[in-house]
Amino acid sequence: QVQLVESGGGLVQAGGSLRLSCAASGSIFSINAMGWYRQAPGKQREMVATITSGGSTNYADSVKGRFTISRDNAKNTVHLQMNSLKAEDTAVYYCNAVVGFRRINYWGQGTQVTVSS
């Protein structure tokens, strides 16, 4: 079992920045990859950024060059630095962890990000 707790969401004006953090606890030794997903009202949940245990990253095209995912293995946390925010970035952001050889997905409770135009 892995527990994920997100923090750092909020309201920001377009062009501004926010930093999301996700703290993992539990069976953290078995985490393969972590990432951030988001879901806007009326839309499906989509991948924003992922990072493997080895540090390889992947980004959605819509956030490339604006968002940066990083991982602190010593503190079992993953961060998402979001710059140049746009109104279309408004969504609930969820932390994700892929765990074990069965690649089971765990999710945080979500944190709201609202970008005003």
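1. Basis. The model is predicted, so local features need pLDDT of at least 70 and side-chain atom pairs count only at pLDDT 80 or more, while totals for chains, interfaces and linings use all residues. Residues are numbered from 1 along each chain as its sequence is written, and side-chain values use heavy atoms, leaving out hydrogens and water.

2. The sheet. Four strands form an open sheet in the order S1-S3-S8-S7, with antiparallel pairing. Strands here are DSSP runs (E, at least two residues) numbered from the N terminus, and two of them pair if DSSP finds at least two bridges between them. Strands S1 (2-7) and S7 (67-72) stand at the edges with a single partner strand each, so one side of each has no neighbour in the sheet. From one strand to the next the twist averages 15 degrees (axes are lines fitted to C-alpha atoms, with angles from 0 to 180 degrees between N-to-C directions).

3. The S3 and S8 pair. Strand S3 (residues 18-26) and strand S8 (residues 77-82) are joined by six bridges in the antiparallel sense. Within this pairing, Ser21 has His79 in S8 as its bridge partner.

4. Arg38. This residue belongs to strand S4 (residues 31-39) and is buried, at 6% relative accessible area (buried is under 20%, exposed over 50%, partly exposed in between, with a 1.4 Å probe and protein chains only). Its side chain makes polar contacts with the side chains of Glu46 (2.7 Å) and Tyr93 (2.9 Å). A polar contact is a pair of N or O atoms within 3.5 Å; within protein, one must be able to donate a hydrogen and the other to accept it, and residues adjacent in sequence count only if both atoms are side-chain atoms.

5. Salt bridges. The whole structure holds four salt bridges, each defined as a side-chain nitrogen of Lys or Arg within 4 Å of a carboxyl oxygen of Asp or Glu. One of them joins Glu46 and Arg38 (2.7 Å, N to O); Glu46 is partly exposed, at 36%. Another links Lys64 to Asp61, with the closest N and O atoms 3.1 Å apart, and Asp61 is exposed, at 64%.

6. Arg66 and Asp89. Their closest N and O atoms are 2.8 Å apart in a salt bridge. Arg66 lies in the loop between strand S6 (57-59) and S7, and Asp89 in the loop between S8 and strand S9 (91-99), so the pair ties together parts 23 residues apart in sequence. Arg66 is buried at 10%, and Asp89 is buried at 1%. Through shared partners, salt bridges join Arg38, Glu46, Arg66 and Asp89 into one network.
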